[in-house]
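I opened the notebook today to look up cores, pockets and strand pairings. Here is the model I worked from.

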Amino acid sequence: MAIPPSYPRDVHVKRYRLMPFWTIFAVALLLSIFRPTLAADNTGGDPLAREILTRADRIRFPAEGFQVDVTITTTEPDVAEDVRAYRILSKGNNQTLVQTTAPVVDRGQILLMRDRDLWAFLPNLSQPIRLPLSQKLTGQVANGDLARANFAGDYEPRLLRTEKIDGVSYHVLQLDAVDSGVTYHQVLYWVNAKNSRPYKAEFYALSGRLLKTGHYQEFRALGGETRPTRLVIEDALRHGRRSVLEYRDMVMRDLPDKVFTKDYLKKLSH
């Protein structure tokens, strides 16, 4: 607790120095007892939450190599609709290539993600640019929303509760970032308790402020499984601003590692 300005500092110091030895010893003993317990709590995790999260991840995207096309339509008040298209190649959820296919003027722009390292390759630049996953790509969509959709790899999950929405039961998970390099500091994630389908996600900043909300919609056959083919991301800070991601033409591909290297992508971006 901070010392009020009117409180004599020498009095505070004197009292601290006169603290009985047995009091200091008792405090030290308590800390030695509880420190291992706290460490175990931080590293033990929540196995049930981890299982729920992993199942939902596999519904969203395959663990194997795949290709999918994404169209992002962004709308906001008094601004013309913006439409952009991307082709995503992904392998193992830790290697991803995002290539811009529309508009024509932006073709050749490529994002390369390896683990949590992200680079942008631009046709007019000889060297790639390092980018954060949290930086905006377009509209309400961050780089990491396309390049790294791996919740299980980026967050430590905890099951908060189970709640009903319109008669359907959902597990509510709190996802805490494993480090500062991930896209969001924290995510609240609603997963269907019966079939493990993702329903809704709230994305939070380090300050605790809600940044945006995503809704997973239109579950259809995609890449051999029933997956959400539409993700609506709404800005929580500016009303009326939203981006709609529509996924189509997912195919499984055996992608060689060389596709996810800087040297290989330099050729594609020129």
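**Ground rules**

I am working with a predicted model, where local features need pLDDT of at least 70, side-chain atom pairs count only at pLDDT 80 or more, and totals for chains, interfaces and linings use all residues. I number residues from 1 along each chain as its sequence is written, and side-chain values use heavy atoms, with hydrogens and water left out.

**Cores**

I looked up the nonpolar cores, meaning sets of buried Ala, Val, Leu, Ile, Met, Phe, Trp, Tyr and Cys residues joined through side-chain atoms within 4.5 Å. For burial I used relative accessible area: buried is under 20%, exposed is over 50%, and partly exposed is in between, with a 1.4 Å probe and protein chains only. The largest nonpolar core holds 42 residues, and Leu-146, Tyr-189 and Leu-245 have the most contacts inside it. Apart from this core lies another, of ten residues, which include Leu-97, Ile-110, Val-259 and Leu-265.

What is Leu-146 in contact with, leaving aside its neighbours within four places in sequence? Taking contact as heavy atoms within 4.5 Å, I found Val-70, Ile-72, Tyr-86, Ile-88, Thr-96, Val-98, Leu-137, Val-141, Leu-245 and Tyr-247.

I take strands as DSSP runs of E, at least two residues long, and helices as runs of H or I, at least four, all numbered from the N terminus. Two strands pair if DSSP finds at least two bridges between them.

β1 covers residues 66–76, and nine of its eleven residues are buried. Two partners turned up for β1. With β15 (residues 242–252) it runs antiparallel over nine bridges, and Ile-72 stands opposite Leu-245 there. With β2 it is also antiparallel, joined by ten bridges; here Val-70 stands opposite Tyr-86. The hairpin of β1 and β2 has two residues between the strands, and Asp-78 takes a positive phi near 65° in it.

**Val-244, on β15**

I then picked Val-244, which lies in strand β15. Buried or exposed? Val-244 counts as buried because its relative accessibility is 8%. Val-244 and Arg-230 are 14 residues apart in sequence, with 6.9 Å from C-alpha to C-alpha.

**Strand β11 and its partners**

β11 is largely enclosed by the rest of the structure, because six of its seven residues are buried. Seven bridges join β11 to β10 in the antiparallel sense, with Asp-176 and Gln-186 as bridge partners. Six bridges link β11 to β12 (residues 198–204), again antiparallel, and Leu-188 stands opposite Glu-202 in β12. In the hairpin of β11 and β12, five residues sit between the strands, and Ser-196 takes a positive phi near 65°.

**Val-178, in a loop**

Where is Val-178 placed? I found Val-178 in the loop between β10 (168–177) and β11 (186–192). Val-178 counts as partly exposed because its relative accessibility is 41%. Leaving out residues up to four places away in sequence, Val-178 touches Arg-116, Gly-153, Asp-154, Tyr-155 and Glu-156. The C-alpha atoms of Val-178 and Asp-154 are 5.8 Å apart, although 24 residues separate the two along the chain.

**Pockets**

For pockets I used a 1 Å grid over the protein atoms alone: a pocket is an open set of points with protein on both sides within 12 Å along at least five of seven lines, a 1.4 Å probe tests the fit, and lining residues have an atom within 4 Å of a point. A volume is the space filled by probe spheres set on the points, which are joined across faces, edges and corners.

The largest pocket has a volume of about 370 Å³. Of its 25 lining residues, Ser-134, Thr-183, Tyr-184, Leu-211 and Lys-212 lie nearest the centre. β8 (141–142) and β13 (210–222) are the elements that give two or more residues to this lining.

The second largest pocket has a volume of about 250 Å³. It is lined by 18 residues, with Thr-100, Gln-109, Leu-111, Leu-122 and Leu-137 closest to its centre. β7 gives the largest share of that lining, three residues.
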